[in-house]
Amino acid sequence: MRTVGNAEVLASLTARVEGLTPRSPRQWGKMNVQQMLRHLATSMEWVLEGGEARPWPRKPSRLMKHLALRLPMGWPRGLPNPMDPASVDVPVSELEALRERVALGLETMSRWTVSETTPPHPAFGRMTTWEWRRWAYKHADHHLKQFGR
């Protein structure tokens with residue numbers, strides 16, 4: 001299964017991030033490219049920096065975690081996110097810096113390991129290093145596909 005721990009997978013994701021432009025066509029959802037990149041960057045930074053638990057409308061589910069991380073299919077489109085990343089205004093002028101933050105986040109997650117400060121995932125609960133690396137791949141892949149990448 002693909003994870004950011006695999007050098008080829010990491011390189012492919014990074015190249016896909018680099019290929020985004022403000023004119024990349026949105027296939028679904030409400031976010032623009034800058035909002036999506038900010039969402040990816042802040043999500044990884046939250047994990048890597050041991051952020052506070054985020055509010056989620058339901059209790060974490062091991063079944064949902066298993067389905068989301070282990071099945072070889074993409075995530076559903078349009079799932080609600082209580083953080084609403086589309087509500088944050090992100091100017092086009094931040095695009096390059098956001099690309100760099102996402103690339104750095106992916107690279108850092110590729111060699112990072114879970115510690116006592118790692119927060120539980122809001123929907124999946126506690127996760128292993130492999131699960132976080134798989135999540136980083138699946139999350140980035142999902143949103144890159146959102147923009148035809």
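The legends below describe a predicted model, first as a whole and then in close-up views. Local features were taken at pLDDT of at least 70 and side-chain atom pairs at pLDDT 80 or more, whereas totals for chains, interfaces and linings use all residues. Residues are numbered from 1 along each chain as its sequence is written, and side-chain values use heavy atoms, with hydrogens and water left out.

**View 1. The overall fold of the protein, with five helices and zero strands.** From the N terminus on, the elements run α-α-α-α-α, where helices (H or I, at least four residues) and strands (E, at least two) are DSSP runs numbered from the N terminus. The radius of gyration is 14 Å, close to the 15 Å that the globule rule gives for 149 residues, so the protein is as compact as a globular protein of that length; the radius is taken over C-alpha atoms, and the rule is 2.2 Å times the number of residues to the power 0.38. Along its principal axes the C-alpha trace spans about 40 × 35 × 30 Å.

View 2. Among contacts with a separation of 6 or more, 80% join residues 24 or more positions apart, a contact being heavy atoms within 4.5 Å.

View 3. Val17 is found in helix α1, which covers residues 7-18, and at 0% relative accessibility it counts as buried. Leaving aside residues up to four places away in sequence, Val17 touches Leu37, Arg99, Val102, Leu106 and Leu144. Arg54, by contrast, is 37 residues from Val17 along the chain, and the C-alpha atoms of the two are separated by 26 Å.

**View 4. The aromatic pair Trp132 and Trp135 in helix α5.** The count comes to one aromatic pair, under a rule by which rings of Phe, Tyr and Trp (its six-membered ring) pair if their centres lie within 6.5 Å, with planes under 30 degrees apart counted as stacked, over 60 as edge-to-face and the rest as tilted. The ring centres of Trp132 and Trp135 are 5.1 Å apart and their planes stand at 85°, so this pair is edge-to-face. Because Trp132 and Trp135 are three residues apart in helix α5 (residues 129-146), about one helical turn separates them. Both Trp132 and Trp135 are buried.

Definitions and conventions. Buried < 20%, exposed > 50% of the residue type's maximum accessible area, 1.4 Å probe, protein only.
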